[in-house]
Each structure stands twice: as C-alpha cells, then as structure tokens.
Amino acid sequence: MASPSPDAQPLAAPTYAERLASLVATKQRHTTEKLRVYKALDTDDHGSILMPELCTYTPVPNHPSGACFGHKNIGENFGAMLEALPAYVDPMSSLLGAWYVDRPNYRVGPGWPPDPEFDYSHLHADQKLYSIISGIGGGQHFCPDLTIGFKLGWGGILEQIRSYAADPPADADPGFYEGHEATVLGMQRWLRKHVEKARAMADEEPNPHLAANLRQMADMNERLIDDPPRTFQEACQWIAWVSIITRMFNGAGGIGQLDELLQPFYESDTARGILDDEEAILHLISMFIIDTQYYQIGGPDASGKDRTSCVSFLIL
C-alpha cells in the first residue's frame, strides 16, 4: 500500500450514523441488483445478495435416479458448497458474511422420488384426516437451539458429533454423524475464507479506522471458527452465521427469543464498560441487514411474567 502524502489530512473515523447509512444504502443496492436479475421477487426481501464472483460447484449424487439423498451425501455436498462460496466483507459493518440468492445447488434430482425406500404411504391417512401439509422432501423453517452453540461453539459441536460417531446409538441413521461433521467442517473453512479476506482488505484500506475494524472482525471470526461467543458483538456474529447457513440450506428462518438470547451478553459487556447502546444498535442492524429471520421479543412467559428488557427496545 502506498504511503500517504505528508500533507494529507488523516482520514476520520466514520460515525455510527454514517456507518448505518452506508449499510442501508448497500442493502438498497443489493435489492436493486436482485430485481435487475430476477425481474420480480415474489417473496420477502431477505438479506440475500448476488454472489460477487463466479462460484463453480457441482453436487455429487448418490442415487440411481441421479439425485442426492441421505444425511451423509447431503451433508458432504452442503459442506463442500459452503467451502466453495466466496467471502463477503463490508468494512462499514461490524459483522462478516452474507447469504447468496444465486448460490449453486447442493443437491440434484427430484426432491422425493416414489422409490420404495422413500415411501411414506403409511402416513397418508393421518395427513388426510388432519389436513397436514407435510413438507416431506421440501424446504422448511425450523428454530435451532442457539444456546447449544453459545455454550459449545462450532469446535465443541464438532467434538460432540465425533464423540457420538465413535460410539453411535443403536438406532442412529447411517451417515447421520458423517453428514453433520462434513457440514460443520465446510462452514469452518468458509469462515476462514472470510477471515483471510477481511485481513487482505485491511491491508489495502486507506482509512485506518476502517482497517482496524476489518482486522477486529477478522480476529473475532477467527476465534469463532472454534470457540463460543463471549461478547454481544460475537453473539450477533454467531447468530448471523446460523442465519446465513440455515437460509441457504432450506430457507429456514427461525431464531427464537432474540432479546433473551442476547441479554446475558449485553449485561456482561455493559457492566465491564466495553459496550454502550449506540454500539449495540450497530451490531444489531449489521445482523438484521445480513438477514431479518423470524425473531421474538418481549411478551409474557408461561407464568404471565413480562419478559421485556432493555435489549427488547434496542432491537426495536
């Protein structure tokens, strides 16, 4: 990087308001780009973006029909697709990553063929009786338990998968643990790609404040490859990665009671003096720009007690 002129004025740190305005402008640009390609989007305007560079990936089928089925095959294909995707880094954000609307497919062939091994005709009577739209073979929303990840991190989750794989339960489906391990490994390699890109961008960034932000995000995500989140920002980043990955897996959109998930991190960080509300809002908006998901805040618990907190209002 060229040395600055001795007469050049030092570049100022962008304010939170300037960073938020930049994030919104970038979001609007991404939406315009998607509309230009897809003409019309008959769906919610999620945080998805077009890939910034070409990504070539072809899933490996494992079935005579030429399709992909089973935990092992789907997990290996999805993990390999993640590893192949380009990294996305916005120096104005406080979080890394994005999910791609034009990503390669990680499975090929019919969603659910009528082969005997995939037969579920024994369920048809109940499905008809209760007017159940089963979703078998299709994409579905689900709400993962993020507290597991907050406790273990991806490294701890991977360790648990391998532990169970070494001595699987008698009723474990074939390939169940292998598929999950392949997915986590692919995701960790994709996170590593983001860390490397953020550091490379920092080396070329003329504004020292943005360069410092890029390096801080890189350091944070390098830790999150294996370890659980410790701070409010790290928790928002961890949720963002779950949002990104589950959106691209099957369109999943549920995260849960967001204010309660983040409350312990907020209380810890504010007590230590390393977080104020303005910065917390930046992390939240960075997370919402990546994807809005289906969040819950406030409201009564099972006993009628109000669960609303200051984090509920920061989210609003």
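Me: How many salt bridges does a search of the whole structure find?
Reply: The search finds 14 salt bridges. Please note that this is a predicted model.

Me: Let us take R29. Which side chain does R29 meet in a salt bridge?
Reply: The side chain of R29 meets that of E33, with 3.1 Å from N to O.

Me: And how far apart are R29 and E33 in helix α1?
Reply: They are 4 residues apart in helix α1, which spans residues 16–38, so about one helical turn separates them.

Me: What about R223, which residue does it meet in a salt bridge?
Reply: R223 forms a salt bridge with D227, at 3.6 Å from N to O. With a relative accessible area of 18%, R223 is buried, whereas D227 is partly exposed at 33%.

Me: Why does R223 count as buried?
Reply: Buried means under 20% relative accessible area, and R223 has 18%, so it is buried.

Me: Now D291. What is its salt-bridge partner?
Reply: The side chain of D291 meets that of R247, at 2.6 Å from N to O. This pair links distant parts of the chain, 44 residues apart: D291 is in the loop between α9 (277–290) and β2 (294–296), while R247 is in helix α7 (residues 232–250). Both D291 and R247 are buried.

Me: Where do F78 and F249 lie?
Reply: F78 lies in helix α2 (residues 71–84) and F249 in helix α7, so the pair ties together parts that are 171 residues apart in sequence. F78 is buried, with a relative accessible area of 1%, but F249 is partly exposed, at 33%.

Me: What kind of pair do W190 and W241 form?
Reply: W190 and W241 form an edge-to-face pair, 5.6 Å centre to centre, with 65 degrees between the planes. Because W190 lies in helix α5 (residues 176–204) and W241 in helix α7, the pair ties together parts 51 residues apart in sequence. Both tryptophans, W190 and W241, are buried.

Me: Last one: which residues form one aromatic cluster?
Reply: F150, W154, W238 and F265 form one such cluster.

Technical notes. Residues are numbered from 1 along each chain as its sequence is written. This is a predicted model: local features need pLDDT of at least 70, side-chain atom pairs count only at pLDDT 80 or more; totals for chains, interfaces and linings use all residues. Side-chain values use heavy atoms; hydrogens and water are left out. A salt bridge is a side-chain nitrogen of Lys or Arg within 4 Å of a carboxyl oxygen of Asp or Glu. Helices (H or I, at least four residues) and strands (E, at least two) are DSSP runs, numbered from the N terminus. Buried means under 20% relative accessible area, exposed over 50%, partly exposed in between (1.4 Å probe, protein chains only). Rings of Phe, Tyr and Trp (its six-membered ring) pair if their centres lie within 6.5 Å; planes under 30 degrees apart count as stacked, over 60 as edge-to-face and the rest as tilted.
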